[in-house]
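Here's a quick tour of how a fold is put together. Have a look at the structure below, then read on.

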Amino acid sequence: MRMLWIICSESIGEELMEKVLDVDGVEGYTVWRDVLGKDNKGNKTHWGDAVFPGLNWVFMIFGSNEMIDGLKERYRVFREEPYVKKAGIKAFIHDAEEVL
């Protein structure tokens, strides 16, 4: 089992769900809205205030290797859209083990 984290600007969160997550093979996921994010390299800091407007959404998805591989491919296509690059998006994968 693997876990996929996706962190993105709130401006593209719903579209990410529609185009990447709410597709065949994904049984469910967890979403945290209104997450603060600090970017020390570019201009994607989102503190939700007048100086750094906007917030982030964080998605946590667990699944089989095959399901996560399918998500990775849809994610790669989605992130290549110019408006998605401008808004900001990152993804990370690591192994996961369910505790029984």
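This is a predicted model: local features need pLDDT of at least 70, side-chain atom pairs count only at pLDDT 80 or more; totals for chains, interfaces and linings use all residues.

Residues are numbered from 1 along each chain as its sequence is written, and side-chain values use heavy atoms, with hydrogens and water left out.

**The sheet**
- Four strands make an open sheet in the order β2-β3-β1-β4, with antiparallel pairing (two strands pair if DSSP finds at least two bridges between them).
- β2 (30–35) and β4 (89–95) are the edge strands, each pairing on one side only.

**Who pairs with whom**
- β2 and β3 (residues 56–63) run antiparallel and are joined by four bridges; Thr30 sits opposite Met60 in β3.
- Eight bridges link β1 and β3 in the antiparallel sense, and Ile7 faces Val58 in β3.
- β1 also runs antiparallel to β4, with seven bridges joining them; here Cys8 stands opposite Ile89 in β4.

**The helices**
- Helix α1 (residues 13–21) lies across β1 (2–9), β2, β3 and β4, at about 20 degrees to β3 (axes are lines fitted to C-alpha atoms, for helices over the stretch in contact, and angles run from 0 to 180 degrees between N-to-C directions; contact means heavy atoms within 4.5 Å).
- Helix α2 (residues 65–79) packs on the sheet too, touching β1, β3 and β4, and its direction makes about 150 degrees with that of β3.

**What's tucked away**
- Six of the eight residues of β1 are buried, so β1 is largely enclosed by the rest of the structure (buried means under 20% relative accessible area, with a 1.4 Å probe and protein chains only).

How values were computed:
Helices (H or I, at least four residues) and strands (E, at least two) are DSSP runs, numbered from the N terminus. Buried means under 20% relative accessible area, exposed over 50%, partly exposed in between (1.4 Å probe, protein chains only).
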